[in-house]
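Subject: Structure handover

Hello,

Here is the structure I promised to pass on. Please look it over, then read the notes below.

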Amino acid sequence: MITVHCGLHKTGSSAIQLALRGIPITAGQKIVTPNPGDASSDDGLAQRLSVLTEARDSIFSDENLLGEPYDGYQSAPERVSLLRSSLSGTRYQIVIYLRPQVDWLASVYLQGVQEGRTTDPGDFWASLAPSDFLSWSALVNLLREGSGADRIIVRAYARSRDSVADFMGVCGFDGFSRMGRREIRENVSISPLQAPILVALNNEVGLTQERSSRRRQVFQSILINQSAARRSPFPEAMQLDIAEHFRSDWRAVTD
């Protein structure tokens, strides 16, 4: 059986991929995870997906499969069609992790700031509020109706849950159990208190990629250890607006 893990972003995907890279591959298995320089274009994804059909048991993990979180996964319909055509004639299942949008959007926003984005929280939410596929029920229905997969496995992401062990259990993949004790961390985010500082620094004229990367490392490795308890980068009124906007959708997903 082929297993396709399509994220989402900020749901433990980096930790899952790191674990997958550390598993010894046996005959008849193929594991495909993103590598530096891999194209997330349609052609690049199609090429990597085609490799899955060469093995009896394959796992593919790439949170970029459904598109970009910063545009609300607007390319999801085209990407699902690409997935279906690439794996035509095979049996496969899709695994997707979801978290409440108010929490997820905050995490995506912080990730964007780390990457050099300078959008303020209000503009960020205003740009994404109309996106159809940030309603997770719509995204799951798209996968169910358009992918041709045998199963769509929807899991809830939580910081208290070991996403790697959960993923391996969902897949029935016993290779992970042979790894023994592991030290795997997810992609570390800056704290909400640091976000406005880094947004201001990102606006520096002539900022180079190298300098931006060094700043991000400082915020991740040093300042984050001094952070207060986890908070949201969004004002309380905005959090309530997001939660209310997606309240019925999250209930539909959990049902």
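Helices (H or I, at least four residues) and strands (E, at least two) are DSSP runs, numbered from the N terminus. This is a predicted model: local features need pLDDT of at least 70, side-chain atom pairs count only at pLDDT 80 or more, and totals for chains, interfaces and linings use all residues. Residues are numbered from 1 along each chain as its sequence is written, and side-chain values use heavy atoms, with hydrogens and water left out.

Start with the backbone. Most residues other than glycine have a negative phi, and most peptide bonds are trans. The loop between strand S1 (2-5) and helix H1 (13-21) holds Leu8. The peptide bond between Gly7 and Leu8 is cis, with omega about 10°. Lys10 sits in the loop between S1 and H1 too. Its phi is positive, near 60°. Lys10 is buried (under 20% relative accessible area; exposed is over 50%, partly exposed in between; 1.4 Å probe, protein chains only), at 15%.

Now Tyr73. This residue lies in the loop between strand S3 (57-61) and helix H3 (76-86). Its phi is about 55°, positive although Tyr73 is not a glycine. Tyr73 is also buried, at 0% relative accessibility.

Next, the strands. S2 (residues 29-32) and S3 run parallel, joined by four bridges. Two strands pair if DSSP finds at least two bridges between them. Gln29 stands opposite Asp57 in S3. From S2 the chain passes through helix H2 (residues 42-50) to S3, a right-handed β-α-β crossover. Right-handed means that, with the strands pointing away from the viewer, the path from the first strand over the helix to the second runs clockwise.

Best wishes
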